[in-house]
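Please have the structure open while reading.

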Amino acid sequence: MRAPMQLKRAVGRIERRRLVLQQARDRLRSPQQRNRLGQFATPGALARETLQYAHQLLGSRPVRFLDPAIGTGSFYAALLREWPVADVAAATGFEIDAHYGEPCRTLWQGTPLRLRLEDFTAAAAPASQARRYNLLICNPPYVRHHHLQSSAKLRLQQQSLLATGVRLNGLAGLYAHFITIAHPWMSDDAIAGWLIPSEFMDVNYGRELKRYLLHTVTLLRIHRFDPTEVQFRDALVSSALVWLRNQRPGNAHQVEFTYGGSLSQPRTRGLVPASRLESAAKWSAFPAALGSARFAAGLTLGEYFRVQRGIATGANAFFIMTPEQAAERGIPRQYLRPILPGPRQLESDEVFADDSGEPRLVRGLWLLDCRLPEELIRVQHPQLWRYLEAGSAELTRRYLCSRRSPWYLQEAREPTAFLCTYMARRGRGGVQRFIYNRSRAIGANSYLMLYPRNALARFIGADPARARLVWQVLKGIASEVMIAGGRVYGGGLHKLEPGELASIPAAGITALLQN
Ligand SMILES: C[S@@+](CC[C@H](N)C(=O)[O-])C[C@H]1O[C@@H](n2cnc3c(N)ncnc32)[C@H](O)[C@@H]1O
C-alpha cells in the first residue's frame, strides 16, 4: 500500500491515465452495448464537485466510501483528491463488467480501494454498523425497465422490498433499485449522493422512490442540471444529484432544490417543505414553482379548454399529402380534409383562411379521411381503392392501423382556433408555441388542440378579434411556467402532455374574462 502522502501526489497522474483509459474502453463498445449496462462515465470535473460537496456534508470524520457502480473510478479519484488520504478508512467499489473493472483494479492498485467485480444488487450488505459505509456516492446504471428481464426485475423488486420495505413499481429503472438496495449498506447518519436521471421526480413510477426519500431517509437536496448543459451528452438524459442522510426526517423538514449552473453555483435555489413535496406530483417544478401562480389557487388552462392531442394517423407519409400528390393519386376531394404541416414547417403562428375555411399556407396539406367501407370504395372510387390497396399490406401490420376498422379510418377531430406544439427545444425558438388557427385545418399529434369551454367559448363567440386576444394571452404565459409544467428530456427537449398543458396556470384568461 502506498503511503498517504505518496498517494496524494500520485492521484493527479493516475486520474489522467484513468481518463485516457476510460475513453479507450468506451470506444471498444457500441452505444447499444453501453446502454445495456448503463455505462456512461461521470465527467471528472463533476465528480470532483460532487466529492467537494460530500465533504462539506460529512465534515472531517474518517470516511468509509462506497461506490456500487464504480466503472473506472471517477468518484474514487475525486475522493482521493478532495479528502486527506489518511482519512480514508475504507473504500469499496462494485463493478459488474470486467471491461471497466479490470482497468479500474490495475489503476488503483496499492490504494485503499477494494474492488469487487460483482453484481452489486446481488451482494449481501454488511451486518454490522462498523462495516457499513458513511459515504455512498454513485452514478448508477441508467437501464430502463424494459431492458431488464422479467426474472431480474422480480428479483430486484424483492431485494428492494427486503432492503427498505419499498415495493418499487415495475416500470422503475435499475437506478431506482440501486438506491433502495444500497440502503442497508449505509451506516446510521451516512451521506449519500446519487447522480440519476431526473424523470423519477415527475413520473408515476417514481412515486415509491419519492416516498422512500421523504420517509425512510432525510432528503437534503436535489440539484437538477439544466438539460441544455447536458452532463452525459451520449446518454441523452437530464440528470439530478440527489443528496440524503441516513436518518429519519425531522418534523418540519425542508428540502433544498437547486437548478441549473453547477452544484456549487446553481442558477436558482429554494427551500421546499417536505410536507409540500408529499402532495406535489411533479418535483421538477421546484424551485421555479415556489410562489408561482400555479400553487396560489389560480385556475388552470384545463378550466377554460378541453385539451386533446392532435390525431395519430398511423402513417403520416401515407395519409398526409400535398394537393399535387392527391391529384396524382386521384383521391376524390370529399375525402380530403386540410391538416396543418408539422410545427417546423408551419410558416407562421397565425394561420389565415380563405372564404371556404381552407388554410392559406404556402405548403398546404391534405389528410386522407374516408369513412366508406372497402366494398363501396372499390366500386365507387377505383383510383382511391388502388391507392389503399397499395398501402394496405404494410400498413395493416402497423400498430394503429391494425387496430382500426377499416384500417384506414382516421380519428374524428374538430378544428379549433388554438393549438400548442407538443414538443419544443430550448435555445431553438424557446418553449412551446401557441398557434392561432383561423382555418378549418386540424392538427396531427405534433400539436395539442385546445377547445374553449363554457365561459371562454361564450366570450369568444364568433368574434375573431376576441379569439386573437385569447391567443395573445396564451402566448404571454411565461416560459418558466411552461417549462415547469412539462417534462424535460436530455438535450433541452421539452414535452407537454395534454394533462400537463391543462395544469398550466391561466391567470391571464381569468383576468380577460373578468374585464
Ligand atoms: C453510469 S456508469 C458509472 C461509472 C462510474 N461510477 C462513473 O461515474 O464514471 C455505471 C457503471 O455501473 C456498472 N454496472 C451496471 N450494472 C451493475 C451492477 N448490477 N453491479 C455493479 N455494477 C454495475 C456499469 O458497468 C458501469 O460501469
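How do the residues of the shell around the ligand divide into nonpolar, polar and charged? They divide into 12 nonpolar, six polar and five charged, where Ala, Val, Leu, Ile, Met, Phe, Trp, Tyr, Cys and Pro count as nonpolar, Asp, Glu, Lys and Arg as charged, and the others, Gly among them, as polar.

## Basis of the model

The model is predicted, and local features need pLDDT of at least 70, side-chain atom pairs count only at pLDDT 80 or more, while totals for chains, interfaces and linings use all residues. Residues are numbered from 1 along each chain as its sequence is written, and side-chain values use heavy atoms, with hydrogens and water left out.

## Ligand site

The ligand is surrounded by 23 residues, each with a heavy atom within 4 Å of it, and the closest are Gln39, Thr42, Ala69, Glu95 and Asp119. Among the polar contacts (pairs of N or O atoms within 3.5 Å), a side-chain N or O atom of threonine 42 lies 2.4 Å from an oxygen atom of the ligand, and one in the side chain of glutamine 39 lies 2.8 Å from a ligand oxygen. The backbone also takes part, with an N or O atom of isoleucine 96 placed 3.3 Å from a nitrogen atom of the ligand. The protein buries 97% of the 590 Å² that the ligand exposes when taken alone, these areas coming from the Shrake-Rupley method with a 1.4 Å probe.

## Domains

Domain 1 covers 4–253, and domain 2 is assigned to 302–369 + 410–514, the bounds coming from an automatic or database domain assignment. Their C-alpha centres are 43 Å apart.

## Backbone features

Phenylalanine 286 and proline 287 are joined by a cis peptide bond with omega about 5°, and proline 287 belongs to the loop between helix H9 (274–279) and helix H10 (301–304). Another cis peptide bond, with omega about -5°, joins serine 405 and proline 406; proline 406 is in the loop between helix H15 (399–402) and strand S15 (418–421). Helices (H or I, at least four residues) and strands (E, at least two) are DSSP runs, numbered from the N terminus.

Aspartate 189, a residue other than glycine, has a positive phi near 75°, and its place is in strand S5 (residues 186–197).

Note on methods
Polar contact = N/O pair within 3.5 Å; in protein donor to acceptor, adjacent residues only side chain to side chain.
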